[in-house]
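Good morning, and thank you for joining this meeting. Please look at the sequence and the structure as they are shown.

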Amino acid sequence: MALKTLTPFFCRKIATFFTCLDIDHDGYASHDDMYGRIARRVRVMFHKSDAVEVEAAWKFCCETFLFPAMKSVKDGQEEVLNLESYIALLDHLLTNTCVETLKARARLFFNAIFDSIDVDNGGTISLREYAHFLVCMNVDPEHTTICFDAMDADKNGTLSREEFVDAGIQFFYDMEETPGAYFFGPLKN
């Protein structure tokens, strides 16, 4: 696969994110892995009885960035996405779509996720809230502090909305290493 825009470092970030999506570790992310299981985990983990924000944000993410790359599997199987297909989709999106438009959509998504995981409605994300988010995303919580500290730009022990949203956007749009590179945990090799 000849990539037009993506650096090897960026591909490592996407491999890390793909591991979050592949809940059952079969090498494929299915609609149920991506939309059903993760949305349900967030609802349960954060005790959100009204999961409209979570589901709407995740549905937007899936429909914009994930489902277009899914390939149909014959014999009644659900659609699935493998890592190579996902990287190719991102390469296509970042080459052929206005990146500022994509970033604006991502900003809406990460703001909704912030609201969903800010359990105490304190306007910041605590280390504990972020740890719960990583567990929902299939990431080993032992890595929480390192990732959290990388994104905590002002080193005050919490993630502001701006730090959280900016880190999420950096994860998906910066080709080189930034604090947002660790948004979804330590990078895969």
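The model is predicted, so local features need pLDDT of at least 70 and side-chain atom pairs count only at pLDDT 80 or more, while totals for chains, interfaces and linings use all residues. Residues are numbered from 1 along each chain as its sequence is written, and side-chain values use heavy atoms, without hydrogens and water.

Let us begin with the core. A nonpolar core is a set of buried Ala, Val, Leu, Ile, Met, Phe, Trp, Tyr and Cys residues joined through side-chain atoms within 4.5 Å. Buried means under 20% relative accessible area, exposed over 50%, and partly exposed in between, with a 1.4 Å probe and protein chains only. The largest such core here has 43 residues, and Y130 and F133 are among those with the most contacts inside it. Elements giving it two or more residues include α1 (8–21) and α6 (127–136); helices are DSSP runs of H or I with at least four residues, and strands are runs of E with at least two, numbered from the N terminus.

Now to α6. Its buried residues include E129, Y130 and F133. Beyond four places in sequence, Y130 is in contact (heavy atoms within 4.5 Å) with residues including C147, F148 and F183.

Which residue with a positive phi follows α6? That residue is N138, with phi near 75 degrees, in the loop between α6 and α7. Most residues other than glycine have a negative phi. H25, in the loop between α1 and β1 (28–30), also has a positive phi, near 55 degrees. H25 is exposed, with a relative accessible area of 57%.
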